[in-house]
Amino acid sequence: MNKNRTVKKTRKKKRRKLTPVTKLLCIALLAVSVYLLVQIGRTVYTTYRLSAELSDVQTKLEKVKSENESLSKEKEKLQDPDYVESYARSNYNLSKSGEQIFYLPQNDAKD
């Protein structure tokens, strides 16, 4: 059993010690790894932020397209003289000559 103990002790002693160059390479490799991980994290964050911004912009775009479509329809309607006349009469209280306008109270009572 003494031989086993001496063999174990000699194995422990035979363990290599890291040379300064090897230590320096390990530290450099660790630094490069940390730098790359930070860069990946920044890229992921930027991608997430841009995707959120993209969805907001797409929502705004759909809203503007809808508004543009309704304005185009309104423009087409305003080409019709009968529509312009009825629009002016209802929104600006204009009347034909000899016509009187009566305002009726609105019934706010809820049944």
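Rings of Phe, Tyr and Trp (its six-membered ring) are taken to pair if their centres lie within 6.5 Å, with planes under 30 degrees apart counted as stacked, over 60 as edge-to-face and the rest as tilted. By this criterion the structure, which is a predicted model, holds 2 aromatic pairs. In one of them, the rings of Tyr-87 and Tyr-92 have their centres 6.3 Å apart and their planes at 70°, so the pair is edge-to-face. Tyr-83, Tyr-87 and Tyr-92 form one aromatic cluster. Relative accessible area was classed as buried under 20%, exposed over 50% and partly exposed in between (1.4 Å probe, protein chains only); on this scale Tyr-87 is partly exposed at 32%, whereas Tyr-92 is exposed at 55%.

Because the model is predicted, local features need pLDDT of at least 70 and side-chain atom pairs count only at pLDDT 80 or more, while totals for chains, interfaces and linings use all residues. Residues are numbered from 1 along each chain as its sequence is written, and side-chain values use heavy atoms, with hydrogens and water left out.

The protein has 3 helices and 0 strands, where helices (H or I, at least four residues) and strands (E, at least two) are DSSP runs numbered from the N terminus. The mean pLDDT, the predictor's confidence in each residue on a scale from 0 to 100, is 86 for the protein, and 84% of the residues reach 70 or more. Helix H3 (residues 81-92) has 12 residues and reaches 16 Å from its first C-alpha to its last, close to the 16 Å expected at 1.5 Å a residue, the expected span being 1.5 Å times one less than the number of residues. Helix H3 is followed by Asn-93, whose phi is positive, near 55°.

Of the 111 residues of the protein, 1% count as buried. The protein exposes about 11600 Å², of which carbon and sulfur atoms supply 59%, according to the Shrake-Rupley method with a 1.4 Å probe, in which only the protein chains shown count as cover for residues. Leu-30 itself counts as exposed because its relative accessibility is 55%.

With a salt bridge defined as a side-chain nitrogen of Lys or Arg within 4 Å of a carboxyl oxygen of Asp or Glu, the count comes to 1. Glu-69 forms this contact with Lys-73, the closest N and O atoms being 3.6 Å apart. The two residues, Glu-69 and Lys-73, are separated by about one helical turn because they lie 4 residues apart in helix H2. Glu-69 counts as partly exposed at 48% relative accessibility, and Lys-73 is partly exposed with a relative accessible area of 48%.
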